[in-house]
Amino acid sequence: MLQAHSWLWHYLWVAPNIVLLGLGLAIWKRRLWRQFPAFFAYALLGALSELAVYTTDVVPSISAETFWRAIWTSLLIEGPLKFFLVGEILSHTFGVYASLKRLASILIRVLGVVLVLAAAVAAAYPPNDSRFGIISGAHRLEQTIYLVETGLLLFIFLFSAYFKLRLSREIFGIALGLSISACVHLGSWAFIANGIPSERTRSLLDFLNMAVYQVCVLIWCYYLLARPRSVDVSPPPPNQNFPHSDLGDWNREVERLMHS
Amino acid sequence: MTLAIILVLAAVFALILILCVALLPGTQLSRNGHRAGQIQPLDVKAFRNLADRSEAEYLRLRLTASEFRQVQRARLRALAAYVHVASRNADMLIHAGQTALTSSDPHTAAAARELVDSALLLRRNATVALLRIYVALAWPSAGLAVTPILEGYQRLSGSAMLLGRLQDPGSPVRISAQ
């Protein structure tokens, strides 16, 4: 069952992308694409490019070289889309607060440069894991994309946690799914690109990637489509919202201090 | 193979960290939950005395160098405690403000956004001020600037008061002590 071209393999490759395509259509129908344009584009283009790669894999008349060219094309489409998506998460999380916007923007740029340099070094370091440059190149590109993506997403989670910022339901779901997918894919592609695994291990890692991606697509569906449970929207009772008293004295005192 | 191990370990570590942060209560924005009651009022007079440069200069002139360092370190530790409280208050107000962000009343939502912005600024400034205080603890004779903290707290006070009044007109807000 855990072999390439088994029924489970077909299911895990096709089903998440069909669901993601459906999610994209639901986002369009609910007009959520205006709020999350990058995720909308990722859901549609990402799913379509993966289904195209799947087709090149299962159609017998398509050569192996064409299959790897399709993988490269898919990576070149999905890579920038993922970074636009990270940018969208960043903008929804910090962009609305003027006091953090500039700091977050500076830090993410510095981190981005560091991560790209680290990913370039990591990509240049390993020996070819394949006799064919087109295959090892694709593996290194996967590793590079996921390394940068994981670093940026980790920064977003840690930075928002430090400032006790809570993410909106949709952005939380998108960021969580993307992060889980990025971390697991980074681990497996790093192993495939540098570890030279056996065919059996390689096949198991493919299953792991596909299964995790399926879980991530379901996370996105849950957070974007399912309605949250009803919550208490009534204002808090008097005296429980903030403690009593006047801030006038404090303000006058501080003003006197600042202008003395 | 070494690089593979390093990257796999980094990926596992990142995944664990992200899941820990994501599973923390309060990572997701919701309309319920208020923790603003835990706000600790700050004694502004004591805070002002501790941050006053002229007080430090006076002590420097009156005390011997070693006595001054000892006293100044104690003052800096007290100042750090105040900044910690201010930072913790900012956390509470970020929480309260973010909860109010989901309000259907546009005035409350706008006041909440202003409060969260001010609280974030204070938290950022508090982090920098704490770093400066800890550096100053090593060199007590060096000057120390805490004005951004005071400015941030002043803005925060105004925003908290506005939001508190919008949510509950009968209950003004206090984040400082007399």
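Reply: What follows starts with the model and its confidence, goes on to the packing between the chains, and ends with two further sites.

The model is predicted: local features need pLDDT of at least 70, side-chain atom pairs count only at pLDDT 80 or more, and totals for chains, interfaces and linings use all residues. Residues are numbered from 1 along each chain as its sequence is written, while chains are lettered from A and ligands numbered from 1 in the order in which they are written. The complex has an ipTM of 0.84 and a pTM of 0.81 from the predictor.

The helix from chain A is H4 (residues 98–124), and its partner in chain B is H5 (residues 106–138). Helices are DSSP runs of H or I with at least four residues, strands are runs of E with at least two, and both are numbered from the N terminus. The axes of H4(A) and H5(B) lie 7 Å apart, at an angle of about 50 degrees. Axes here are lines fitted to C-alpha atoms, for helices over the stretch in contact, with angles from 0 to 180 degrees between N-to-C directions. H4(A) is therefore oblique to H5(B); under 35 degrees counts as roughly parallel, over 145 as roughly antiparallel, 65 to 115 as roughly perpendicular, and the rest as oblique.

On the chain A side, the residues are Ala98(A), Ser99(A), Leu100(A) and Leu103(A). They meet Asp117(B), Leu120(B), Leu121(B) and Arg124(B) of H5(B), where a contact requires C-beta atoms, placed from the backbone, within 7 Å. Sorted by class, the residues in this contact are five nonpolar, one polar and two charged. Nonpolar covers Ala, Val, Leu, Ile, Met, Phe, Trp, Tyr, Cys and Pro; charged covers Asp, Glu, Lys and Arg; the others, Gly among them, are polar.

Within chain B, there is a further helix pair, H3 (residues 53–62) and H4 (residues 65–101), whose axes come within 8 Å and cross at roughly 150 degrees. H3(B) and H4(B) are therefore roughly antiparallel. Ala56(B), Leu59(B) and Arg60(B) of H3(B) make the contact with Phe68(B), Val71(B) and Gln72(B) of H4(B). Four of the contact residues are nonpolar, one is polar and one is charged.

As for the chains, chain A has eight helices and zero strands, and 38% of its 260 residues are buried. Chain B has six helices and two strands, in the order α-β-α-α-α-α-α-β from the N terminus, and 39% of its 178 residues are buried. Buried means 20 or more other C-beta atoms within 10 Å of the residue's own, exposed means 12 or fewer, and partly exposed lies in between, with C-beta atoms placed from the backbone.

Ala182(A) counts as buried because it has 27 C-beta neighbours inside 10 Å. Beyond its neighbours within four places in sequence, Ala182(A) touches Tyr146(A), Glu149(A), Thr150(A) and Leu153(A).

Confidence, given as pLDDT per residue from 0 to 100, averages 77 in chain B, with 71% of the residues at 70 or more. Where pLDDT is low, predicted coordinates should not be read in detail.

Note on methods. Contact = placed C-beta atoms within 7 Å. pLDDT = per-residue confidence, 0-100.
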